[in-house]
Amino acid sequence: MKNHVLKFGLKMFIAATFLASCSAPSIEDTVNASIQETKVSFPQSKLLTAKAASYTLSNWMGALDENQKLTAFTIPGTHDSGARYETFSGTAKCQNLSIDDQLKAGVRYLDIRGRHYNNTFEIHHGVVYQKINFTNVLNSCKSFLAQNPSETIIMSLKEEHTASGNNRTYEATFDSYVQQFPELFSLGNTIPTLKSVKGKIVLLRRFAAVNTKGIDATNWTDNAVFEINATQAIKVQDVYKVADNVAKWTVITALANEAKLSNDAKLYLNYCSGYKSGLFGIPSIPTVSNAINPKVKSFFTTNVSGHFGIVIMDFTDVTTNDLMIKTNFN
């Protein structure tokens with residue numbers, strides 16, 4: 001989602017008397033136990049590997065065929081993964097769960113938005129600072145992967161909001177993080193096999209770089225369904241300005257079904273997120289997620305087998321992630 005919060009900032013203040021400020025609830029303690037203990041069992045005839053008889057959402061990738069490319073799987077993801085806070089209700093918050101709990105809930109694609117500020121990355125959604133920085137995100141990923149070495153994380157990194165106080169490029173600051181976290185990143189420019197990137201973050205790069213660095217997704221088209229034909233072929237559905245939830249659902253299912261019928265050469269990114277413009281043109285994120293998320297859950301209740309690409313949601317939840325993951329084993 002492009003910086004719509006910045007665009008509507010003035011309108012937010014005009015509408016302040018109509019909207020109540022809110023911040024994300026601290027819900028980690030209430031969900032942590034259920035996330036860690038969630039297990040799924042399958043009939044022996046359905047197993048891809050012996051390990052698939054029982055797994056938790058923290059280690060489900062360990063039950064997959066490690067010789068397959070990541071494009072061969074259905075992978076739960078989150079849009080604006082660090083966005084849990086907002087000034088005006090419905091305008092910036094995209095997730096209830098922290099990064100740590102998203103990973104424990106089965107999420108393996110993180111959409112990280114970093115503002116370049118004083119030679120660091122602060123996590124933002126538009127103008128709204130999300131009270132964490134990139135070091136916090138990487139520490140969460142490093143800790144999770146150390147505890148679950150069978151897993152990998154695909155991370156989209158995009159420059160967000162207005163840069164300030166820097167004396168180097170965004171790429172140079174990213175390189176400094178790679179140096180601080182040696183061996184954590186996989187920076188190849190094509191989709192790898194699971195075996196080759198266990199315990200690592202696979203970079204999907206949405207910022208400019210002089211040197212080859214991660215999977216190139218810089219040619220991102222705004223508010224569209226589009227393809228990127230770089231070294232790694234990518235197809236993206238990111239229609240985020242949603243006038244009609246029915247139309248949004250149509251493009252989601254179209255890409256999901258295309259991914260199912262494809263081979264593993266192309267990476268599919270299917271953004272189920274978006275916003276509708278409400279009073280005074282102020283964006284409302286829940287107006288879309290409240291309509292689309294139940295449809296995603298229903299889709300994976302009936303579509304129980306196949307690879308559907310990376311399915312990226314606002315307000316991820318354990319139940320829907322579990323249904324997506326099951327498609328890898330049926």
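Predicted model: local features only at pLDDT ≥ 70, side-chain atom pairs only at ≥ 80, totals over all residues.
**Strand β18 and its surroundings**

Within β18, Val311 is the bridge partner of Pro76. Strand β4, which spans residues 74-78, pairs with β18 in the parallel sense over five bridges. Strand β15, formed by residues 267-271, also pairs with β18 in the parallel sense, here over three bridges. Val311 takes part in this second pairing as well, as the bridge partner of Asn270. Val311 of β18 is therefore bridged both to Pro76 and to Asn270, where buried means under 20% relative accessible area.

The strand itself covers residues 309-313, and five of its five residues are buried, so β18 is largely enclosed by the rest of the structure. Ile310 illustrates these surroundings. Leaving aside neighbours within four places in sequence, Ile310 is in contact with Ile75, Tyr109 and Ile154, and also with Leu267, Tyr268, Leu269 and Asn270.

Ile310 also has a place in the largest nonpolar core, which holds 32 residues. The members that touch the most others are Leu70, Tyr109, Leu204, Trp220, Ile234, Leu269 and Ile310. At least two residues of this core come from each of α7 (194-197), β11 (201-206), β13 (225-229), β14 (233-237), β15 and β18. Of these contributions, that of β15 is the greatest, at three residues. Another core, of 25 residues, lies apart from this one and includes Val107, Cys141, Phe144 and Phe207. In soluble globular proteins, nonpolar side chains tend to be buried together.

Ser58 lies in the loop between β3 (55-56) and β4. With a relative accessibility of 9%, Ser58 counts as buried, because the limit for that class is 20%. Not counting residues up to four places away in sequence, Ser58 touches Phe144 together with Lys104, Arg108, Asn148 and Glu151.

The helices α8 and α9 provide a further packing arrangement. Helix α8 comprises residues 245-261 and helix α9 residues 286-302; their axes come within 10 Å and cross at roughly 35 degrees. This crossing is right-handed. On the α8 side, the contact is made by Asn245, Lys248, Trp249, Ile252, Thr253, Ala256 and Asn257. These residues meet Thr287, Val288, Ala291, Ile292, Lys295, Val296 and Phe299 of α9.

Methods: Residues numbered from 1 in each chain as written. Heavy atoms only, no water. Buried < 20%, exposed > 50% of the residue type's maximum accessible area, 1.4 Å probe, protein only. Helix = DSSP H or I, 4+ residues; strand = E, 2+ residues; numbered from the N terminus. Pairing = 2+ DSSP bridges. Core = buried A, V, L, I, M, F, W, Y, C linked by side-chain atoms within 4.5 Å. Contact = heavy atoms within 4.5 Å. Axes fitted to C-alpha atoms, helices over the stretch in contact; angles between N-to-C directions. Left-handed = near helix turned anticlockwise from the far one by under 90°.
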